[in-house]
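These are my notebook entries on one protein model. I wrote down what I looked up, entry by entry.

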Amino acid sequence: MSDIQSLIAQMTLEEKAALCTGASAWTTTPIPRLGVPQLLVSDGPHGIRRVADVHSMTIKSLPATCFPTASSLASSWDVALLHEMGQALAEEAIARDVDVILGPGANMKRSPLCGRNFEYFAEDPYLAGTMAAALIEGIQSQGVGTSLKHFAANNQEYERFSIDAQVDERALREIYLPAFEMAVTKAKPWTVMCSYNRINGTFGSEHRQLLTDILKNEWGFEGFVVSDWGAVHNRVAALRAGLDLEMPGPKPTRVDGVIEAVRNGDLDEAVLDEAVRRILTIVCRAAETPKGGDFDIAAHHALARKISAETMVLLKNNGILPLRDPQHIAVIGRAAMEAHFQGGGSSHINPTQVDVPFNELQKLAGNAELSFAAGYPKDDSRDPVLIEQAVTIAQTADVALLYIALPSYKESEGYDRPDMDLTAQQVALIQAVTAVQPNTVVILNNGAPVATRAWIGGTAAVLEAWMMGQAGGGAIADVLFGRVNPSGKLAETYPLRLADTPAHLNFPGENGVVRYGEGLFIGYRYYDTKELPVQFPFGHGLSYTTFAYDNMRVSDEEFKDVYGITVSVDVTNSGAVAGQEIVQVYVHDRESRLIRPYKELKGFAKVSLQPGETK
Ligand code: BGC
């Protein structure tokens with residue numbers, strides 16, 4: 001008998017039931033009599049949100065490095081970088097006694113309005129799955145667990161606890177499940193977190209087809225399924241469906257209910273034993289990693305800066321960037337002084353330190369004179385005086401840098417965005433500054449695409465800096481001054497208008513139901529197939545150098561399922577500075593009997609090239 005089986009054999013019914021419900025907001029129930037410790041979990045996913053008191057659900061947590069959020073990370077398309085970040089996260093988890101980090105999230109970006117898109121990777125399942133797997137492998141390589149979330153079809157915040165996502169089988173299999181499948185089969189997360197919502201009529205926590213048939217049986221998931229916090233409605237039904245651990249606790253009535261159900265024959269004890277086996281396996285595995293110690297705050301801050309610079313996407317550049325010795329720089333925008341670097345909700349990190357973008361700019365600006373104007377208020381109000389002040393300093397400068405952050409009240413866990421717009425004041429500010437200063441660079445901080453049509457025409461360059469993490473201020477300066485050559489590419493389309501987006505007519509749903517009427521056609525799958533123009537396509541991102549593609553080879557004329565196909569191409573850095581290029585491979589099915597997206601991403605590689613070098 002294995003150790004786990006022998007433990008189960010020694011456990012009372014009461015102990016088994018107690019193990020399947022949390023003991024506190026963040027811990028499982030220990031069994032001291034048998035030497036079974038508690039398991040401590042903490043949010044994630046882009047930093048460790050370890051609350052000092054495990055009985056508290058409050059936001060304030062111990063200091064941790066706040067890395068860029070998932071929407072930024074995916075724009076790096078850099079598997080090795082995410083692995084490295086995962087290792088750093090694990091080090092911090094170990095220092096804080098954390099066994100499992102609650103993340104990453106692998107949900108698809110169905111609409112740019114989902115309030116939590118900043119926590120999700122991409123509109124493409126292959127990219128999202130690859131990124132999620134890399135982060136999980138990095139974290140778990142250090143003996144710390146992960147919780148892949150939110151399984152499944154959690155694509156909006158509106159009525160997130162109850163909405164019924166009606167998704168057809170093909171859309172589930174081709175769009176909403178593959179990122180989870182890739183992460184589960186490749187990286188083997190220790191745990192998977194179910195979603196709050198219903199999927200085709202059944203709550204995520206009670207969804208037997210998803211939790212047992214697909215996740216455990218079909219994909220071979222060996223860890224345990226944990227509920228999202230408060231996602232369980234009927235504990236016994238959830239256990240039967242394959243939901244192993246209910247969080248948070250304590251919930252004595254739930255434990256009693258499970259005991260009662262076994263006693264009266266409603267619940268087969270074998271079902272409980274299976275949940276117990278899965279939880280114990282992870283509890284014992286986690287206990288093998290010695291906890292405590294400390295982490296190198298400065299080194300992790302430096303890593304956060306490196307990662308952040310790699311994730312930034314240069315959307316537009318008329319040649320103004322990188323900056324070449326400007327003498328007078330007008331720095332405009334509140335976000336230059338108060339960095340906007342993360343989103344609101346359960347992933348909110350208490351950072352170890354925060355770069356002030358203005359100060360970091362100053363450090364790299366040599367003898368240049370920097371002037372500052374706030375440009376827009378904290379709230380939604382209009383303030384013409386702030387715009388006048390900005391125009392005044394912009395007029396006489398060589399270049400104006402506009403730091404525009406989407407306010408937190410427009411984007412957070414818990415609610416969706418009403419639109420894709422910047423605030424009216426921000427739009428008026430950009431228009432007024434670009435009217436007097438042709439060398440205007442807009443730097444954006446946001447977790448998901450914003451509408452740019454009203455203001456982008458007059459700009460010289462636009463840098464998408466995302467929710468960039470605590471060191472993002474320095475990373476922006478690195479990119480603006482060319483210390484880092486930008487290499488990020490969009491992991492989601494920048495549409496021209498909200499009305500063009502694929503889910504527009506079916507978002508966020510009505511009468512408790514959201515119908516995924518666009519089926520397979522989300523993101524670029526929709527825009528390409530419909531031949532709709534977009535502001536910036538999926539995969540777009542500029543560099544300070546240029547790349548030439550030559551000599552493309554395909555390993556076979558025909559696709560043979562078992563072996564796949566290898567696509568090779570020679571990429572040459574044809575410009576003057578070192579840079580990185582992301583080669584993307586899409587497939588197009590010429591013979592399908594069924595309707596298919598025009599093209600689909602099936603592979604990519606990021607290469608680093610010196611000027612003149614070919615790989
Ligand atoms: C969120 C999860 C999070 C959990 C614990 C929930 O409301 O949806 O992503 O891990 O809270 O904070």
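**Entry: second largest cavity.** I sorted the lining of the second largest cavity into seven nonpolar residues, two polar and one charged. My classes were these: Ala, Val, Leu, Ile, Met, Phe, Trp, Tyr, Cys and Pro are nonpolar, Asp, Glu, Lys and Arg are charged, and the others, Gly among them, are polar. The lining consists of Pro45, His46, Ala70, Leu73, Met85, Pro104, Gly105, Glu119, Phe121 and Leu135. I noted a volume of about 40 Å³ for the second largest cavity.

**Entry: ground rules.** The model is predicted, so local features need pLDDT of at least 70, side-chain atom pairs count only at pLDDT 80 or more, and totals for chains, interfaces and linings use all residues. Residues are numbered from 1 along each chain as its sequence is written, and side-chain values use heavy atoms, with hydrogens and water left out.

For spaces I worked on a 1 Å grid over the protein atoms alone. A cavity is a set of points where a 1.4 Å probe fits but cannot get out. A pocket is an open set with protein on both sides within 12 Å along at least five of seven lines. Lining residues have an atom within 4 Å of a point. Grid points are joined across faces, edges and corners, and a volume is the space filled by probe spheres set on the points.

**Entry: the other cavities.** How many cavities of 30 Å³ or more are there? I got three by this rule. The largest cavity holds about 90 Å³ of space. It is lined by 13 residues, and Lys109, Pro112, Glu123, Thr493 and Tyr527 are the closest to its centre. I sorted that lining into five nonpolar, four polar and four charged residues.

Entry: I came back to Pro104. A cis peptide bond joins it to Gly103, with omega about 5 degrees. Pro104 sits in the loop between strand E2 (100-102) and helix H5 (125-140). Helices (H or I, at least four residues) and strands (E, at least two) are DSSP runs, numbered from the N terminus.

I also found a cis peptide bond between Met247 and Pro248, with omega about -10 degrees. Pro248 is in the loop between helix H9 (235-241) and helix H10 (252-263).

Asp325 is not a glycine, yet its phi is positive, about 45 degrees. I located Asp325 in the loop between strand E9 (313-317) and strand E10 (328-332).

**Entry: the ligand.** Which residues come nearest to the ligand? Of the 14 residues around it, they are Asp43, Arg116, His150, Tyr196 and Asp228. A residue is near a molecule if one of its heavy atoms lies within 4 Å of it.

Next I looked up polar contacts, which here are pairs of N or O atoms within 3.5 Å. The side chain of Asp43 has an N or O atom 2.5 Å from an oxygen atom of the ligand. For the side chain of Arg116, the distance to a ligand oxygen is 2.7 Å. For the side chain of Tyr196, it is 2.8 Å. The ligand on its own has 310 Å² of accessible area, and the protein covers 95% of it. Accessible areas come from the Shrake-Rupley method with a 1.4 Å probe.

Entry: The largest pocket contains about 1100 Å³ of space. Its lining has 33 residues, with Ile565, Val567, Val585, Tyr586 and Val587 the closest to its centre. Strands E16 (547-554), E17 (567-573), E18 (579-587) and E19 (600-609) each supply at least two lining residues. Which element gives the largest share of that lining? It is E19, with six residues. I counted 16 nonpolar, six polar and eleven charged residues in the lining of the largest pocket.

The second largest pocket contains about 350 Å³. I listed 21 lining residues, and Glu338, His340, Ala405, Pro407 and Ser408 lie nearest its centre. They divide into eight nonpolar, eight polar and five charged.

**Entry: the whole chain.** I noted 17 helices and 19 strands in the protein. The radius of gyration is 25 Å, close to the 25 Å from the globule rule for 615 residues, so the protein is as compact as a globular protein of that length. The radius is taken over C-alpha atoms, and the rule is 2.2 Å times the number of residues to the power 0.38. The C-alpha trace spans about 80 × 55 × 50 Å along its principal axes.

Definitions and conventions: A polar contact is a pair of N or O atoms within 3.5 Å; within protein, one must be able to donate a hydrogen and the other to accept it, and residues adjacent in sequence count only if both atoms are side-chain atoms.
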